[in-house]
Amino acid sequence: MFELLMMRNDIFLTTWPWHVHLVLIILVLRVLKTSTLKYYFAYIVYVGVSMFLGFFYMFIFMLRPRDPSNITLTSPAASLVSRWIGIEWVLRGSEHLAAAEAGVLVANHQSIFDALGIMSIGTSLKRAITIARKEVFYFVPFGISAWLGGVFFINRHDRKTSFQTLLETGTLSKQNQTKLIIFPEGTRNRRRGKSLLPFKTGAFRVAITNQLPIYPVVFSNYYFLDGERRSFHDGQVIIEALPPISTKGLTLEDMDFLLQKTWTIMQDKYKLLQQEVTTRDKEDRL
C-alpha cells in the first residue's frame, strides 16, 4: 500500500505542470491566518513573481523598448499579484492622472509594495516613466525588464550624475507628454503613519526647470504591515491623486516654497487617509 501511494505521488509530481503546483501552494498559504507566516509569504511571492514576470515582460518590452506606455501592460499582472498577497488598491482622483499634460508625479514611499501600487494604476496613468535607484537594475531579470520598460536609474551616491539624469528625464517627459514618477522622500518611510519624511529637492527642481506641473499622489499608510514585528494581514491601500500644482512662472528661487506647499498638501491628505483606513480596519476586526 505504501509503495502504491508513493507511486501515485510521483505521478502527481511529474504530470502536473509547475505553475499548477505554484497556484496550489499559494492557495494553501493564503488560508493561513498566522500574521508572521503571511508576512514572509507576501514578500516571497512578491519577489519571486517579480522575477518571473521580469523575464516574461522582458521579451514584450523588446518589441517596444523604453516606451512610456509600457506601464499600462503591467497593470493586470500587478493586480493579480496584489490579490495573491492580500492587498487591495483603491484609486481616487483618477481624472487628475488621466490628464494629457506632462508633469512630475510625486508620491510618498513606505514599502517595496509601492511599486506594485504604481503599476496597478498604470492604465490610469497611460504614459509614465519612473526614477529608481541603480541597484534595482542589477536585480536580474527584473532590472533589465524595468530598463526596457522605460525606468531610468540613478546613482543616489553621486549627486552630480543623478541630478543630470533627473534633468534629462524631465526634458524627455515634457517632449513626450508623459508623467515622471519620483518618490521625493528618497527612501522608505518607516514611521508607520506618523508623518511624511522631508522631501528632497530633485523633483521640484526638475518641475520648475521644465515648467511642468506637480501631480501629488498620496498612499494611505500600510496599517496591515509591521516590519518590526514581522506581521502582515490583508489590507486596503487608498491611492489618492490630488489636483496638479502649477509651476508656471516659478523660478528656482521659488523651489523651497513649492516643495513645502506640496509636502503640506500631501501630509494633510495622508493624515485624513490614515484616520479613514485605521477606523475601517477596527470595524472589520470587530
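Me: How many salt bridges does the structure hold?

Reply: This predicted model holds 7 salt bridges.

Me: What makes the pair Asp 234 and Lys 38 a salt bridge?

Reply: The N to O distance between their side chains is 2.8 Å, and the cut-off is 4 Å; the pair therefore qualifies. The two residues belong to distant parts of the chain, 196 residues apart: Asp 234 is in the loop between strand E8 (231–232) and strand E9 (235–241), and Lys 38 is in helix H3 (residues 35–62).

Me: Why is Lys 38 called buried, and why is Asp 234 called partly exposed?

Reply: Buried means under 20% relative accessible area, and exposed means over 50%. Lys 38 has 8% relative accessibility, so Lys 38 counts as buried. Asp 234 has 35%, which is in between, so Asp 234 counts as partly exposed.

Me: How do you know that Arg 92 forms a salt bridge with Glu 240?

Reply: Their closest N and O atoms are 3.8 Å apart, which is within 4 Å, so the pair counts as a salt bridge. Arg 92 lies in strand E1 (residues 87–92) and Glu 240 in strand E9, so the pair ties together parts that are 148 residues apart in sequence. Arg 92 is partly exposed at 28%, whereas Glu 240 is buried at 14%.

Me: Which residues do salt bridges with shared partners join into one network?

Reply: The network consists of Arg 92, Glu 240, Lys 269 and Glu 276.

Me: Why is the aromatic pair of Tyr 223 and Phe 224 called edge-to-face?

Reply: Their ring centres are 5.3 Å apart, within the 6.5 Å limit for a pair. The angle between the planes is 85 degrees, and over 60 counts as edge-to-face; hence the name. Tyr 223 is buried at 16% relative accessibility, and Phe 224 is buried at 1%. Both residues are part of one aromatic cluster, whose members also include Trp 89 and Phe 113.

Me: What makes Glu 185 a buried residue, and where is Glu 185 found?

Reply: Glu 185 has a relative accessible area of 3%, which is under 20%, so Glu 185 is buried. Glu 185 is found in the loop between strand E5 (179–182) and helix H10 (202–209).

How values were computed: Residues are numbered from 1 along each chain as its sequence is written. This is a predicted model: local features need pLDDT of at least 70, side-chain atom pairs count only at pLDDT 80 or more; totals for chains, interfaces and linings use all residues. Side-chain values use heavy atoms; hydrogens and water are left out. Helices (H or I, at least four residues) and strands (E, at least two) are DSSP runs, numbered from the N terminus. Buried means under 20% relative accessible area, exposed over 50%, partly exposed in between (1.4 Å probe, protein chains only). Rings of Phe, Tyr and Trp (its six-membered ring) pair if their centres lie within 6.5 Å; planes under 30 degrees apart count as stacked, over 60 as edge-to-face and the rest as tilted.
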